[in-house]
Amino acid sequence: MSRNDPAADYDGPPDYRVIGRHALFPQTSHDEIERINFLAQMNRHLAANVVPGVKQAYEKRVVPAFEAAEGRPIANRHEAREALLADPAFQTWSAMRRMTMEQRQQAGRWTALRQSEQLAEKARELTEGDDRLKLDPALQQPRYVSAVDHHCMPGSYHTEYFPGDVTNGANYDHAGFVTTSGLLGKYSDGGGHAVARWVKRNLPDFQPRQILEIGGTVGHSSLPLAQAFPEAEMTIVDLGAPVLRYGLGRAKSLGVDNVRFVQASGEDLSIFPDASFDWIQTTMFLHELSTGSLRRIMAETRRLLKPGGIVLHVEQPQYAPEMPLFEQAMRDWDAYYNNEPFWSRMHEMDLDAEMIAAGFERDQLIHGGVTAVVDRDLFPDAADDDKEDYGRKAAWHVIGATV
Amino acid sequence: MSIADALRGAGAKPAGKRPYFLDAEVERVLAITMSIAQELAVSRQRTDTLERLLLEKGVLSQGEIDAFVPDRAAATERALWNQEYIARILRIVQQENEAVGRPDDIASEDVAVEVGAES
């Protein structure tokens with residue numbers, strides 16, 4: 001405590017105005033910015049001040065009530081979550097966490113929609129005739145994307161409201177700040193910078209020429225790889241045309257030119273020949289799939305890797321037996337209440353076994369951990385953050401392999 | 001895109017049935033309350049922005065707002081505004097209390113039957 005100096009004691013998200021802008025970034029009015037600031041503070045408040053109460057309720061009410069009723073301890077995270085659903089502390093936190101996400105989507109979509117035509121026009125100017133944008137209007141959206149809209153984002157990554165539309169890219173890009181309270185940094189790219197730094201430290205001699213990110217959306221985590229290896233060509237594939245169109249415009253406006261954006265499903269990348277890439281990356285992507293598509297994507301990564309190449313998947317930590325059931329149940333929240341239906345199953349899968357089944361060798365698997373790399377003068381650093389936001393924190397595990 | 005379409009699109013429901021954690025009535029009111037809390041924060045920040053700009057331009061001086069004492073007429077106007085404001089937002093409390101004193105009150109639905117009867 002520093003003598004009642006509120007600025008010295010400040011612990012929370014920065015003002016939204018420190019966010020990095022580019023040519024396709026939507027204009028934001030004073031009040032639109034303050035909506036985002038409020039929602040980022042709401043998420044921070046829920047994590048810092050409300051979650052401890054939920055934890056206490058679990059220990060003091062939920063567990064004793066379950067044990068009294070059943071005559072045995074809670075056996076798994078599903079029982080823990082179902083027991084929590086009856087507790088008022090969990091109910092209130094859950095209701096407010098859900099509402100904050102709904103408010104975030106409404107706020108971001110309003111900003112993007114009200115200028116959707118201007119944004120589309122800018123995107124057209126930036127990308128028209130550029131062969132680094134390859135769209136496939138015939139691509140079918142798989143069930144794991146179309147059944148429910150991930151993180152309550154209406155229309156998900158792929159819906160276009162008119163030809164040339166970038167609304168869902170603009171919404172995803174400019175208001176994602178709310179969910180991570182600024183922990184992903186100026187261009188929401190702290191994850192990408194973390195991966196680039198991890199690779200440079202752990203594989204100092206690695207000089208990739210062809211890099212692929214699957215499910216790269218607008219390029220948040222891909223551009224830092226392209227910047228870290230300027231001699232390389234970075235390919236970003238995604239299912240959604242609006243995010244890809246927005247992504248190329250964003251990259252060009254930020255001066256990152258060694259990139260191309262391709263609409264395709266990660267399950268079928270037959271547009272690329274075998275052994276096309278030195279490095280294949282996914283970042284916070286696996287949890288938005290399905291068991292079958294995860295396996296097909298892993299098999300594609302094996303096929304597409306050049307000898308000596310690496311594949312890296314960055315994700316929130318897996319559910320390990322040593323992770324407390326309360327933490328597992330809280331981490332499962334997004335699966336059941338925030339439209340991330342594969343989150344729960346994915347985080348209990350034996351990813352090593354999946355990698356081996358996809359054709360990788362056990363002794364060539366890679367395991368690591370990264371936290372977001374941000375401009376520390378302006379943004380909070382996840383490595384110094386002792387709050388736990390169960391699935392939202394910018395601290396991830398890395399699983400991968402070399403071939 | 002029209003403003004009406006943008007507004008409707010902004011508030012669109014995502015695909016996927018909405019979970020409820022509280023009684024639906026309570027959760028509905030809480031959701032409205034949280035949106036109003038957000039808009040109150042937005043208004044408060046806008047006022048703060050205005051104050052800071054006025055300070056910067058020398059229209060206000062530091063501490064002037066906190067030191068402000070309304071004269072008698074202004075104080076009365078402001079007090080009345082507060083009274084009106086509270087009365088407006090607590091309308092339902094007033095009406096429920098008035099209803100306690102009207103045990104013979106009858107529902108329009110019942111009167112409809114009565115006044116619509118043939119004889």
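Let's start in a loop: Gly164(A) sits between helix H5 (143-146) and helix H6 (167-175) of chain A. Keep in mind throughout that this is a predicted model. Is Gly164(A) buried, exposed or partly exposed? With 17 C-beta neighbours inside 10 Å, Gly164(A) counts as partly exposed. Leaving out residues up to four places away in sequence, Gly164(A) touches Ala120(A), Ala123(A) and Arg124(A). Now look for Gln328(A): it is 164 residues from Gly164(A) along the chain, and their C-alpha atoms are separated by 41 Å.

The loop between H5 and H6 of chain A also holds Ser156(A). Here the count is 23 other C-beta atoms within 10 Å, so Ser156(A) is buried. Its backbone deserves a look too: phi of Ser156(A) is near 50°, a positive value in a residue other than glycine.

Met284(A) has a positive phi as well, near 50°, and Met284(A) isn't a glycine either. You'll find Met284(A) in the loop between strand S5 (277-283) and helix H11 (291-304) of chain A. Met284(A) has 18 C-beta neighbours inside 10 Å, so it counts as partly exposed.

Next, go to Val178(A), which is found in helix H7 (residues 177-180) of chain A. Val178(A) counts as buried because it has 26 C-beta neighbours inside 10 Å. Which residues is Val178(A) in contact with, leaving aside its neighbours within four places in sequence? They are Ile36(A), Leu39(A), Ala40(A), Asn43(A) and Arg104(A). Leu239(A), on the other hand, is 61 residues from Val178(A) in sequence and 24 Å from it in space, C-alpha to C-alpha.

Here are the neighbour counts again, side by side.

| Residue | C-beta neighbours within 10 Å | Class |
|---|---|---|
| Gly164(A) | 17 neighbours | partly exposed |
| Met284(A) | 18 neighbours | partly exposed |
| Val178(A) | 26 neighbours | buried |

Now for how the helices pack. The axes of H1(A) and H3(A) are 10 Å apart, and the two helices pack at an angle of about 165°. An angle over 145 degrees counts as roughly antiparallel, so H1(A) is roughly antiparallel to H3(A). The crossing of H1(A) past H3(A) is left-handed. On the H1(A) side, the residues that meet H3(A) include Ile36(A), Leu39(A), Asn43(A) and Val54(A). Among their partners in H3(A) are Phe90(A), Trp93(A), Arg104(A) and Ala107(A). Sorted by class, this contact has 13 nonpolar, five polar and four charged residues.

What about H4(A) and helix H10 (residues 241-253) of chain A? Their axes come within 9 Å and cross at roughly 65°. That makes H4(A) roughly perpendicular to H10(A). The crossing of H4(A) and H10(A) is left-handed. H4(A) makes the contact with Lys122(A), Ala123(A), Leu126(A) and Thr127(A), while H10(A) brings Arg245(A), Tyr246(A), Leu248(A), Gly249(A), Lys252(A) and Ser253(A). Those residues divide into four nonpolar, three polar and three charged.

Time to go inside. How many residues does the largest nonpolar core have? It has 74, and those with the most contacts inside it are Val195(A) and Ile280(A). H10(A) supplies the largest share of this core, with six residues. Not counting residues up to four places away in sequence, Ile280(A) touches Leu212(A), Ile214(A), Thr301(A), Leu304(A), Leu305(A) and Val311(A). Another core, of 17 residues, lies apart from the largest one, and Phe66(A), Leu84(A), Trp93(A) and Leu325(A) are among its members. Trp93(A) also takes part in the meeting of H3(A) with H1(A).

Finally, step back to see the two chains together. In all, 27 residues of chain A are in contact with 24 residues of chain B. Helix H1 (30-70), helix H3 (88-114) and helix H4 (116-127) of chain A each supply at least two residues of the side of chain A that touches chain B. Which helix gives the most to that side? H3(A) does, with twelve residues. By class, this side of chain A has twelve nonpolar, seven polar and eight charged residues.

Notes: Residues are numbered from 1 along each chain as its sequence is written. Chains are lettered from A and ligands numbered from 1 in the order in which they are written. This is a predicted model: local features need pLDDT of at least 70, side-chain atom pairs count only at pLDDT 80 or more; totals for chains, interfaces and linings use all residues. Two residues are in contact if their C-beta atoms, placed from the backbone, lie within 7 Å. Helices (H or I, at least four residues) and strands (E, at least two) are DSSP runs, numbered from the N terminus. Ala, Val, Leu, Ile, Met, Phe, Trp, Tyr, Cys and Pro count as nonpolar, Asp, Glu, Lys and Arg as charged, and the others, Gly among them, as polar. Axes are lines fitted to C-alpha atoms, for helices over the stretch in contact, and angles run from 0 to 180 degrees between N-to-C directions. Angles under 35 degrees count as roughly parallel, over 145 as roughly antiparallel, 65 to 115 as roughly perpendicular and the rest as oblique. A crossing is left-handed if the near helix is turned anticlockwise from the far one by less than a right angle, and right-handed if clockwise. A nonpolar core is a set of buried Ala, Val, Leu, Ile, Met, Phe, Trp, Tyr and Cys residues joined through C-beta atoms within 7 Å. A residue is buried if 20 or more other C-beta atoms lie within 10 Å of its own, exposed if 12 or fewer, and partly exposed in between; C-beta atoms are placed from the backbone.
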